[in-house]
Amino acid sequence: MALAAALTLAGCNDSDSDKASGPASAKAPELKVSGAYIPEPTMDDMAAGFFTLTNKGGADKLTSATSDVAGSITLHSTKGGVMKEQKSFDVPAGGHLDFASGGNHLMLEKLKRKPEKGQQVALTLHFQKSRPITIEVPVKEATYKPAQHDSSHNSH
């Protein structure tokens, strides 16, 4: 079934159909979101979002995110303890992009309502090539730490 879906998605983009026999980077992206969560925010006006984006197809770029609970969402990286806003993130062909505490993350800003533990927040991820992906993200306790990822999470 996943193969059928992948073939259907690949067929949707006629401009890429003539490149099907080319390198992996010419294939249509095949994106899947897993492990998404929002820690219950401690402030009334902002929250953070985390997830893993797995790509079994060609390269793409995460360009933005939107949600009805936030006035805006910005993309951030954290390197050496320094947080920096990013315009986009590359989603490598056949790879993954991690948004995890202490690293890359979303900042949900100008909250219209404060998400509370146990609620779900609709979040839409926007890409350069792929159609937007909307996910329901659970709000976890403020101290939530997911199980550490290892390379096996790419084998789904």
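The model is predicted: local features need pLDDT of at least 70, side-chain atom pairs count only at pLDDT 80 or more, and totals for chains, interfaces and linings use all residues. Residues are numbered from 1 along each chain as its sequence is written, and side-chain values use heavy atoms, with hydrogens and water left out.

Start at Phe50. Phe50 belongs to strand E2, residues 46-55. Strands (E, at least two residues) are DSSP runs, numbered from the N terminus. Phe50 has a relative accessible area of 7%, so it is buried. Buried means under 20% relative accessible area, with a 1.4 Å probe and protein chains only. Beyond its neighbours within four places in sequence, Phe50 is in contact (heavy atoms within 4.5 Å) with residues including Tyr37, Pro39, Phe99 and His105.

Now the rings. Aromatic rings of Phe, Tyr and Trp (its six-membered ring) pair if their centres lie within 6.5 Å; planes under 30 degrees apart are stacked, over 60 edge-to-face, and the rest tilted. The count is 4 aromatic pairs. Phe51 and Phe99 are stacked, 4.5 Å centre to centre with 15° between the planes. This pair links strand E2 to strand E7 (residues 96-99), 48 residues apart. Both Phe51 and Phe99 are buried. Phe89 and Phe99 have ring centres 5.1 Å apart and planes at 70°, so this pair is edge-to-face. Phe89 lies in strand E6 (residues 89-91) and Phe99 in strand E7, so the pair ties together parts 10 residues apart in sequence. Phe89 is buried at 9% relative accessibility, and Phe99 at 3%.

Back to Phe50. Ring pairs join Phe50, Tyr37 and Tyr144 into a cluster.

Notes. Helices (H or I, at least four residues) and strands (E, at least two) are DSSP runs, numbered from the N terminus. Buried means under 20% relative accessible area, exposed over 50%, partly exposed in between (1.4 Å probe, protein chains only).
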